[in-house]
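Subject: Structure handover

Hello,

Here is the structure for you to open.

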Amino acid sequence: MRLVLLIGLLATALSACSSDTTQSGSGKRLFGKSELAAVSPRTAALVQQGAPAYVAVLEAREGAQTVFLRQTVNAKAEETWISNEELSLGMKRGMVLATRGFGGDVLAIDASQTAAALRAGRLSNVNRFMTFLDGDSQARTLAFKCQIERGETYPIDFGTFKIQTVYFSEACRNADMSFINKYWVDVKDRRIIESSQWMGNTIGALGLRIIPR
C-alpha cells in the first residue's frame, strides 16, 4: 500500500511538466496505469526500509512504467536496483551500468567518462562502451564517440520543494547508429535527478526520475 501511495504522490508532483524539449521529459508518460500488480514481499520490505527509489519509463511504449528500489551497494558504490516485476538495473549515482530482465538487455555500460564530465559540469568529447549479446549469444562491445553539451538550469518541481538542475545532452554515434542521452543534474551535489538513457535498439530510451523520500 505504501508503494501505491508513493506512485500516486509522484504522479501529482509531475503533473506540471513543461513541453519545452530541453526540460524534464520522462514525467509526461507516467499516467498510463491506474492499477499496480500485487506488491511482492521483497518490494514491500524495501519500501518499509525507506530504500531510495526511481520511477522508470520505457519511452517508446505507451504506459510502460515501473518503480525501481535500491537493493544493494557494493564497495565501488555500484548499486543494484530492482522492480516489483523482477527487473533490475545496475546503476551508479543515476548512471545506468546494466539492465536485466527487459529482453535485449545491455550486459554492461562503461560511461565513466560521461559521469566525470557531468560531475565537472563541462562540455566534453567522451567515449562510451556498451556490451550486448549478438545473434550467436556472444558478448559484443560497441564503442561510441559522444559529445556532451550543457544547457540551461531548470528547477524540477516535486510539489513541496524543487531541486535546481542543469540540463546536459550527450550525442553519441558510431559507424552504424546514433542516439542522444539527456540528463538533469543537481547543481549542488551533481546527482542525476532525471535522465533519458539509451539502452540499445530493443529497449530503447529508458526515462528515470528520482522519487524523493
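A salt bridge here is a side-chain nitrogen of Lys or Arg within 4 Å of a carboxyl oxygen of Asp or Glu. By that rule, the structure holds 6 salt bridges.

Some ground rules. This is a predicted model, in which local features need pLDDT of at least 70 and side-chain atom pairs count only at pLDDT 80 or more, while totals for chains, interfaces and linings use all residues. Residues are numbered from 1 along each chain as its sequence is written, and side-chain values use heavy atoms, with hydrogens and water left out.

**Arg42 and Glu86**

One of the salt bridges joins the side chains of Arg42 and Glu86, at 2.6 Å from N to O. Arg42 lies in helix H2 (residues 41–48), and Glu86 lies in the loop between strand S3 (79–83) and strand S4 (88–92), so the pair ties together parts that are 44 residues apart in sequence. Helices (H or I, at least four residues) and strands (E, at least two) are DSSP runs, numbered from the N terminus.

How accessible are the two? Buried means under 20% relative accessible area, exposed over 50%, and partly exposed in between (1.4 Å probe, protein chains only). Arg42 is partly exposed, at 34%. Glu86 is exposed, at 52%.

**The network around Arg191**

Which residues are linked in a network of salt bridges? They are Asp186, Asp189 and Arg191. Arg191 pairs with Asp189, with the closest N and O atoms 2.9 Å apart. Arg191 also meets the side chain of Asp186, at 3.6 Å from N to O. Asp186 is buried, at 7% relative accessible area. Asp189 is partly exposed, at 34%. Arg191 is partly exposed too, at 28%.

**Helix H3**

Helix H3 spans residues 112–120, and its buried residues are Thr114, Ala115, Ala117 and Leu118. Seen down the axis of H3, they fall within an arc of 165 degrees, so they line one face of the helix. The arc is that of the directions from the helix axis to the C-beta atoms.

What covers these buried residues? The cover includes strands S5 (95–100), S7 (124–133), S8 (139–157), S9 (162–173), S10 (178–186) and S11 (192–198). Contact here means heavy atoms within 4.5 Å. After H3 comes Gly121, whose phi is positive, near 70 degrees.

Best wishes
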